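Subject: Structure for your reading

Dear colleague,

Please find below the structure I would like to hand over to you. My notes on what was found in it follow directly after.

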Amino acid sequence: MKQIMEKFKALSEREQRLVLAAAAVLAVLLFYFLVWSPLNQSIARNQAAIASQQELLTWVQKNANRVQQLKGSASKSNKFNGSLTQAVNQSASRVNISIARMQPQGEELQVWVDEAPFNQVVAWLQGLEQMGIVIMDADFAETANTGQIRIRRLQLSKG
């Protein structure tokens, strides 16, 4: 550091001002590229994420009422008497839902779906309940695609 100061003092007054001006410009550029710009980019990304999450929340709130209606409309007196696997396959294909896996367990059936539109899943579940199939348990998860959900586990029974 001492050597740098000696070289600086050896410069003429005009050269010293030029070096100080260059150092100031360099300091401003370093501040901009190392601090200011990354902070602004981070803020923009976070604002976009918040907007996306708010949009998802609004969508879920609008469709939550529909889910509650379907849950309440389960017909308790209607008992299903056919092949549970066949009925689930046929009803899923009618609403264009691709079942990833099924696992029968006595009078019950567990179903997994990798990705399906929320509205079609709701219509499918409503159709199953109207047929007399009881939804014992359900575990849903969101996917990267807006309006799509994943059924992690859907447990159905004949009632």
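A definition is needed for the helix discussed below: a helix here is a DSSP run of H or I with at least four residues, and helices are numbered from the N terminus. Please bear in mind throughout that this is a predicted model.

The helix and its annotated segment

Helix α2 spans residues 13-72. Two of its residues, Glu13 and Arg17, are four places apart and are therefore separated by about one helical turn. Their side chains meet in a salt bridge, with 2.9 Å from N to O. Glu13 is exposed, and Arg17 is exposed as well. As a general point, side chains of opposite charge can pair when their charged atoms come close.

The UniProt record, an unreviewed entry, places a "transmembrane region" at residues 20-39. In the model, residues 20-39 are 100% helix and 0% strand, with 27 Å between the end C-alpha atoms. The surface also carries a nonpolar patch of about 1,100 Å², whose members include Val25, Leu29, Phe33, Trp36 and Leu39. Phe33 belongs to helix α2. Is Phe33 buried or exposed? Its relative accessibility is 54%, so Phe33 counts as exposed, the cut-off being over 50%.

How many salt bridges does the model contain? The count comes to four.

Asp137 forms a salt bridge with Arg153, and their closest N and O atoms are 2.2 Å apart. Asp137 lies in strand β3 (residues 134-142) and Arg153 in strand β4 (residues 148-157), so this pair ties together parts that are 16 residues apart in sequence. Both residues are partly exposed: Asp137 has a relative accessibility of 33%, and Arg153 has one of 24%.

Asp139 forms a salt bridge with Arg152, where the closest N and O atoms are 3.6 Å apart. Because Asp139 is in strand β3 and Arg152 in strand β4, the pair ties together parts that are 13 residues apart in sequence. Asp139 is partly exposed at 33%, and Arg152 is partly exposed at 40%.

Strand β4 also holds Gln155. With a relative accessibility of 14%, Gln155 counts as buried. Leaving aside neighbours within four places in sequence, Gln155 is in contact with several residues, among them Glu108, Leu109, Val134 and Asp137.

The hairpin

Strand β1 (residues 101-105) and strand β2 (residues 108-117) pair in the antiparallel sense over five bridges. Within this pairing, Pro104 stands opposite Leu109 in β2. The hairpin has two residues between its strands, and Gly106 takes a positive phi near 65°.

A buried leucine

Leu84 is found in helix α3, which covers residues 84-94. Its relative accessible area is 7%, and Leu84 is therefore buried. Which residues does Leu84 touch, leaving aside its neighbours within four places in sequence? They are Glu107, Glu108, Leu109, Ile133, Leu156, Ser157 and Lys158. Leu84 and Lys158 are 74 residues apart along the chain, yet 7.0 Å separates their C-alpha atoms.

With kind regards

How values were computed:
Residues are numbered from 1 along each chain as its sequence is written. This is a predicted model: local features need pLDDT of at least 70, side-chain atom pairs count only at pLDDT 80 or more; totals for chains, interfaces and linings use all residues. Side-chain values use heavy atoms; hydrogens and water are left out. UniProt positions are given in the numbering used here, feature names are shortened, and annotations may be inferred rather than shown by experiment. Patches are made of residues with over 30% relative accessible area and no salt bridge: like charges are joined within 9 Å, nonpolar side chains (Val, Leu, Ile, Met, Phe, Trp, Tyr) within 5 Å. Accessible areas come from the Shrake-Rupley method with a 1.4 Å probe; for residues, only the protein chains shown count as cover. Buried means under 20% relative accessible area, exposed over 50%, partly exposed in between (1.4 Å probe, protein chains only). Contact means heavy atoms within 4.5 Å. Two strands pair if DSSP finds at least two bridges between them.
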